[in-house]
Amino acid sequence: MSLTDIVFGLAVLLVAGLVKGLVGLGLPTITIALTSLVLPMTEAMALVTFPIIFSNVWQASVGGRFRAIVRRHWSLVVPLAVSLYATMGLLGRKGPEWAFLVLGAVLVAYSALGLLRIRLHIHADLEKPLAPLVGVVSGFVGGVVGVPVVPLMPYLQGLDIKPAELVQTLGVVLCATSFSLAVSLVSFGLIDGPRALVSAAAVVPALAGMWLGQQVRLRLSIDQFRIAVFWALLLTGLYTFASRLL
C-alpha cells in the first residue's frame, strides 16, 4: 500500500467508526466497500482486521448480557466462524475476480431491505434450526468479501431481541467472525508484518470515530441517520458494480 492509500484508508475508518458508534454496525462494510475501490480485496480486508476486532470487543462487552447472548447464539456463531475460515482457505491468496460483484450485491441487497423497511419475523420455533444455516451462508459471504452482513443481519433483526440487546448481540457475533477472519488472513499469508502494523494503527481512527458516533447518537435521530447509512451503502454498492462492469 502506498502512503496515499494508507491515509485514505485511515480516513475511511474514522467515518466507518462513527457510523458503527451511531447504529452498532457498518465498520467493516463501509471500510471494505470504499477501500476496495482503490485497493485489492485482500489488502482492504487486511487493513480492517484489527479495527473490527477491537471495536467488536468493545461493543460486545457493553450491555451486561454477554453470557446470555453466547448461550442463545452459539449455534449461529460457531458455523459462521468455521465457514468463514474454510471459505478463505478455498479462495486462496488473491481471491476471485468476482468478489467485488458479490460485495456490490451484498451492499445493494442489505441497503434495499433497510430502505424498504423489510423485516423478517422469525418464530421462536424456527430460531434453532435456522441458526446453523444462516451461520454457514453468512460465513461464506464473509469469507468472500469480509462482510458477513447477509443473511446475518436480516435474521438477527427478525428475532425477538430488544434494540439495546441487539447492539450487544451484534458485537458478540461479529467479534467471533472478526477473530476468525484474522486467523484466516494470518494462516493463509494474507497479512504480514507491514500490513499488521498498518491495521494496528487503523485502530486509533476507528475507535475515535466510534466514540464520536456514540456521542452524536445522544443528540440525533438514529432512525434518520440509519436511512442515510442505507442510502450510502446502496450508492456504494451500485458504484462497485459499475466500476467493475464498465
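**Note on the pockets, cavities and helix contacts**

1. Helices H1 (3–23), H5 (99–115), H7 (152–158), H8 (163–187) and H11 (222–245) each supply at least two residues of the lining of the largest pocket. Helices (H or I, at least four residues) are DSSP runs, numbered from the N terminus. The model is predicted, with local features needing pLDDT of at least 70 and side-chain atom pairs counting only at pLDDT 80 or more, while totals for chains, interfaces and linings use all residues. Residues are numbered from 1 along each chain as its sequence is written, and side-chain values use heavy atoms, with hydrogens and water left out.

2. The space in this largest pocket is about 630 Å³. Of its 24 lining residues, Arg-119, Gln-157, Leu-166, Asp-223 and Arg-226 are the closest to the centre. A pocket here is an open set of points on a 1 Å grid over the protein atoms alone, with protein on both sides within 12 Å along at least five of seven lines; a cavity is a set of points where a 1.4 Å probe fits but cannot get out, and lining residues have an atom within 4 Å of a point. Grid points are joined across faces, edges and corners, and a volume is the space filled by probe spheres set on the points. By class the lining has 16 nonpolar, 2 polar and 6 charged residues (nonpolar: Ala, Val, Leu, Ile, Met, Phe, Trp, Tyr, Cys and Pro; charged: Asp, Glu, Lys and Arg; polar: the others, Gly among them).

3. The second largest pocket has a volume of about 210 Å³. Closest to its centre, of 15 lining residues, are Gln-59, Val-62, Ala-164, Val-167 and Gln-168. Two or more lining residues come from each of H1, H3 (41–61), H8 and H10 (203–217), and H8 gives the largest share, 4 residues. This lining divides into 5 nonpolar, 6 polar and 4 charged residues.

4. The count of cavities of 30 Å³ or more comes to 4. The largest cavity has a volume of about 90 Å³, and the residues lining it include Pro-28, Ile-52, Leu-84, Pro-148 and Leu-181. H3 and H8 are the elements that give two or more residues to this lining, with the largest share, 4 residues, from H8. The lining of the largest cavity has 7 nonpolar and 4 polar residues, and no charged ones.

5. H8 also meets H4 (66–91): their axes come within 9 Å and cross at roughly 30 degrees. That makes the two helices roughly parallel (angles under 35 degrees). Axes are lines fitted to C-alpha atoms, for helices over the stretch in contact, and angles run from 0 to 180 degrees between N-to-C directions. The contact of H4 with H8 has 16 nonpolar, 7 polar and 2 charged residues.

6. A search of the whole structure finds 1 aromatic pair. The ring centres of Tyr-110 and Phe-230 are 5.4 Å apart and the planes are at 75 degrees, so the pair is edge-to-face (rings of Phe, Tyr and Trp, its six-membered ring, pair if their centres lie within 6.5 Å; planes over 60 degrees apart count as edge-to-face). Tyr-110 belongs to H5 and Phe-230 to H11, so the pair ties together parts that are 120 residues apart in sequence.

7. Two backbone details lie in loops. Val-150 and Pro-151 are joined by a cis peptide bond, with omega about 0 degrees; Pro-151 is in the loop between H6 (124–145) and H7. Arg-117, a residue other than glycine, has a positive phi near 55 degrees and lies in the loop between H5 and H6.

Terms used:
Parallel < 35°, antiparallel > 145°, perpendicular 65-115°, else oblique. Phe/Tyr/Trp six-rings, centres within 6.5 Å; stacked < 30°, edge-to-face > 60°.
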